[in-house]
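Please read the following report alongside the sequence and the coordinates.

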Amino acid sequence: MEVTRRLVLGASGALAMPGLLRAQGTAPIRIGEINSYTAQPAFTLPYRNAMQLAVEETNARGGVLGRALELITRDDAGRPQDAVRLAGELVNDLKVDVLAGAYLSNVGLALGEYATQNKRLYIAGEPLTDAMVWERGNRYTFRLRPSTYMQASILAEEASKLPAKRWVTVSPNYEFGQSAVKWFRQLLSARRPDVQFVGEQWPALGRVDAGATVQALEGMRPDGILNVLFGTDLTNFVRQGNTRGLFERRTVVSLLTGEPEYLDPLGDEAPEGWIVTGYPGEAIDTPAHKAFAGAYRAKFNAKPMCGSLVGYSLINSIAAGIAKAGSVEVEKMVEGFRGARFDTPAGSAEYRAIDQQGTLGVYVGKTALRGNAGVMTDWRYIDGKDLLPSDEVVRGLRPAGAN
Amino acid sequence: MSSILPQLLTGLATASSLFLISAGLTIIFGVSRIVNFSHGSLMMLGAYIGWSILTRLPREPEWFALGVLATALATAIIGVVLEMAVLRRVYRSPELFQLLATFGVVLIIQDVTLLLWGPTELPLPRPRWLRGFVEVAGSRFPLYDLVLIAIGPLVLGLLWLALNRTRWGTLVRAATLDREMVAALGVDQRRLFTSVFALGAGLAGLGGALSLPNASANLGIDLSVIADAFVVVVVGGLGSLPGAFLASVLIGVLQAFGIVLVPKITLVLVFLVMAVVLVFRPNGLLGRPQTEAREATVAAPVVRPAPPALRLLGAVTLALAVAAPFIVGGYYLTVLTDACVAILFATSLHFMMGPGGMASFGHAAWFGIGAYAAGLLLHWAGAPMPLGLLAAPVAAGLVSGLFGLFVVRLSGVYLAMLTLAFAQIAWAVSFQWVEVTGGDNGLLGVWPPDWARDPRLYYWMALALSVGVALLLRRALYAPYGYALRAARDSTPRARAIGLDVEGLRMVALVIAGAACGLGGAIFAYGKGGVFPTYISIPHSVEALLMVLLGGLQTVAGPIVGALVYTGLADILVRSTDLWRLVLGAVIVVLVVAFPEGIAGAVRRLWLRGREA
C-alpha cells in the first residue's frame, strides 16, 4: 500500500516537473483548457485543432504583452467532477493564468463555480446553457458562444413570419432541450398570440426511439415543428421522418442543425427547407473567414467545423482580453475582459460588460441539398448583441453579487 | 385511434432490434455465466464493420443481405479472438472477474474504434429500396421496419433449430443446465464456450449491421445498447431465448405507446417495467431458478485478522496519509481527498459484496443519493455542511433499506441487475427532473463552510471519516453479525437451519453499505462544489466494482488497495494521454488475467507461501 501511494505520487510528480521549474516574466502566458476530448470527439477535436492554429498565429505576431501563449489541454471525459479536479491541477500545479474550455453545460457550470470559489478567470467557449452568465453567472466567468436563449430567439423570430399555427416540439429531455423549448414557446407566443402548441415529445438524450416519436408527432397533425434533437438522435429522427413523410408540407425550425457536425452525417438525407441555426463553413466569403478557413485547411487538410470556429475565436478573445487588461493578474483581467473587443472569422465581437456574454453571432438559414450533402443556403449572420434581451431583463436574471 | 396500428407495428420493429442485441448476450450468459459488458461494444463494431463493408458493395437488396452476413461473420471471428485471448483465462476466477475483464475490453474497443474510424458518426447512405414505405391505416410505414419485424422471429426460429435439432445445440442446452456435468461427461468445454461466444458475438454484429438503415455507426452505441440489452435479458430471464423475445416485444410495444401517453418519462418507464417484473417474478418472465454453480458452493476462505506485518504497514501508511498535507502540494491533496472518497465507495461495496455476497452493478446510486441529499438540503433549506454530512448517510441508508425490502429475496446476477435498474431510475430522475435537481446542470455552490475551506483541513476531515468508517465496517465483519452474514452467504439453507434470519442480515448489510456510500457521496459533493447526475452514471458504478475486484474480495484491505490503485492510475493516465481508455482497459485485462484474486489477494498468497501449510 505504501509503495503504491509513493509510486502514484512520484509518477504524478514527475509529470508535473516542468510546471515547478518554470520561471516568471518572459515565460509564456499559460491557458489551461479542459474539454470532453474522449466523450465528444466529433466536436472537440476540430475545436482543439483550431485553438492550436490560433495560438501559433498569435505567437507568430509576437504574442500578447510581449509573451507567447502556451496552450495546455486536459480531457474531462464528460464528467464535471473530473473537470473540477483537473482545474485544480492546472491552477495549482501548472500555474496557468487563464482557465478555458468545456463543451457540456454541466462541465462549464462546474468550472464557473470553481473559478468564482478560487478567484480565477474562466473563459467558457462552447457550453450553451443560459445559467452560465445569468442565473449562475459570476464575476470570474465569461462565455463566448451564443446561448440557448440567443439560438431560440432567432428561430422564434423566423417562425413568427410563417403561416404555421399548430406547433409541436421535439427535444432531448434535459436542461438544454427544456430551456430551448421554453424560450421558443415564450418568444413565439409573444409575437404571435394566434399560435398554439399542440404537443411535445421528450426523447431521452442519445436514446431516441425515432419511429415511435415520429409516429406520435404525425398523430398530432401539426403545421410547424420545432426540433432540438442533435447528433445521433437527429440522424435517426430525420431518417424515420423522411420515410414516414413527417416533414412534407410542414415547416420545421431546428436548433444547431446547420452545424456541419450535425448536418454532414445526414448525407443525402439532409432535409430541405428547414430553418436552422448553424455554420455555413467555407461558403462564407468575408476576407477574415477566407483567411481562417484557408489556414485551417492548409494545416489540417480538412474543412473547418463549427467547433473550429469556436476554438479559434476563443483563443483570439483571450488574447484580446489579456492585451486590454495589460496584465495577467486576475482582477485586472476581469476588468479588462469586460468590454474587450476581439476579431473572429465571423466578425468582430465583444464580451459584454453587463453579463460577460460574448456577442459572437448566429448564422441562420435554410437547409438544402447540394449533390449528396446538406448545406445551408440563404443564410445571414446576426450579431449576438441583437439577440439578447434588454439590459433591464438581464440585470434581473443575473445575481447581484456577480459584478 | 387510427394511429394505434402503426404505433403497434413501430413497437414491434423496435422489439426486433432489441431481440437481436439481447439474444447473443443471453446465450453467452446461459452457457458461460459471463455477464458480458462488451456485448454492446461488439454491436458497435458490427455497426462500423457493416458500414465499411456495405459502403463498398452495390446497393441492391441481395448485396445488402450478403454484407450483413459478412459483418456477422467478421464480428464472430472477433468474438473468437476475444474469448481465446482474454476470457478463456479467467473462467476459473470468481464470477464477477469475467465482468471486470469484459469492461476492460469495452474501454479498449472504444479507443480502437475511435482510432480506426474517426470521431464523426458514420451513417450508411440508404438506397431507394431502404427508403420505401407501405400505407398502413392511413400512415406511411417504413418497408425496412416490416423487414425488421420479420427478422426477429426468423432469428429466433433459426436459433431454436440450432439449439434443439443439432448435437451442438444439445450440448449447449446441457451446459446451460449443468456445465460441470457436461464437462464430466467428456465434452470439450473450451470448444463449446468458444463456439457459443462466437455465436453471441455474431448476433451482436448482425444487430449492429441491421441497425444501420435506421441509425448510424457512432461511438455512443456501446453503452446505450448494453443498458437496453441488460434490461431485456433480465426481464426475459437470464439464459432464456424465448424469454428475451417476449421481453423485447413487451418493452418495444410499451415504449411505443408510452411515448404517446407519457412522453417525458419513457426512460424511467423501461426500468420500472424491469423492477416490477423482477419483484413479482424474481427469475424473469421465462427464466428458471439458477442452478448453483458447483464452484460457488465451496465456501470462500474465512477472512482472518491481518498478520502483524500487514498491520504495521497499514499503520505506516496511515501515518504517511496524515502527514501528507505537509509533504505534497495543492493538487495532490485533492487527489488524496478523492482517494479517501474512493475508499468509502469501495469498502461500502465490498461490505455487501464480499461478506454479504450481494454484488451490485448500481452502487453509484447510493453515492448519488448521499450527494443529492446534502446538495438539496443546502439548496432548499440552507442546511450547513455538518447537517449535510449527517443527512447523506441517513438518506442513502433509508432508501437502500426501502430498496432492500423489494430485492432482499433475490440473489446473484438478478440482484445485481436490479441494483443497476434502480441506479438508472435514480440517474434518470436526477437528469430529467430539472425543476428540483437542476438536471444535468446539477446543484452548484455546494461548498464547505469557511472553517473547512482550507484544502488541508478538508482532506483531514475526509481522511478521518473514511478511515473511521472503514474501521467500523471491519469491526462489523468480526462481530457476531459479520460471521452470521458470511454464514448466510456461504450456505443460505444451513444458515436458515440454525435459525439465522437471512433476509434480516442482508437488509442490514444493504443499509450499512448504502449509508457508508452516501457519506462518501456527500464528502465528494462538498469537495467538488456541486452535485451532478454523472455521480450516478453506469461508468461510475462500474468504477466501484473495478476498485473492489482489483483489490480483491477476500481481504478487508483489498478494497482500500483497489481504491488507491484505481484513483492513482486513472489520474495519471487521464493527464498523460488522450488514449487513457485504451491503456486503462489493457491494464485491467492484464491485472485480471495475472491476479485473479485481486492485488491484495495475490500479495497475501505470496506472503503466505512458505509460512503456512
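Predicted model: local features only at pLDDT ≥ 70, side-chain atom pairs only at ≥ 80, totals over all residues.

Arg221(A) is found in the loop that runs between helix 7 (210-219) and strand 8 (224-227) of chain A, and its phi is near 50°, a positive value in a residue other than glycine.

Lys119(A) has a positive phi of about 55°, although Lys119(A) is not a glycine either. Its place is the loop between helix 4 (105-118) and strand 4 (122-124) of chain A, and, with 11 C-beta neighbours inside 10 Å, Lys119(A) counts as exposed.

## The mixed sheet of chain A

Seven strands of chain A form an open sheet with mixed pairing, in the order 7-6-8-9-10-13-14. The edges are formed by strand 7 (196-201) and strand 14 (373-382) of chain A, each of which pairs on one side only, and neighbouring strands of this sheet are turned by 25° against each other on average, direction ignored.

Within this order, strand 9 (residues 251-258) and strand 10 (residues 275-278) of chain A pair in the parallel sense over three bridges. For Val253(A), the bridge partner in strand 10 of chain A is Ile275(A).

In chain B, the axes of helix 1 (residues 4-32) and helix 10 (residues 241-261) come within 7 Å and cross at roughly 145°, and the crossing is right-handed. By class, the contact between helix 1 and helix 10 of chain B has 16 nonpolar, nine polar and no charged residues.

The domain assignment of chain B gives domain 1 (19-219) and domain 2 (309-608), whose C-alpha centres lie 34 Å apart. Their contact takes 18 residues from domain 1 and 18 residues from domain 2 of chain B; on the side of domain 1 that touches domain 2, the residues divide into 13 nonpolar, three polar and two charged.

## The interface between the chains

Between the two chains, 72 residues of chain B are in contact with 68 residues of chain A. Helix 24 (residues 557-576) of chain B contributes nine residues, the largest share of the side of chain B that touches chain A, and by class that side has 30 nonpolar, 29 polar and 13 charged residues.

Technical notes
Residues numbered from 1 in each chain as written. Chains lettered and ligands numbered in written order. Axes fitted to C-alpha atoms, helices over the stretch in contact; angles between N-to-C directions. Helix = DSSP H or I, 4+ residues; strand = E, 2+ residues; numbered from the N terminus. Left-handed = near helix turned anticlockwise from the far one by under 90°. Nonpolar A, V, L, I, M, F, W, Y, C, P; charged D, E, K, R; others polar. Pairing = 2+ DSSP bridges. Contact = placed C-beta atoms within 7 Å. Domains from an automatic or database assignment. Buried ≥ 20, exposed ≤ 12 C-beta atoms within 10 Å, placed from the backbone.
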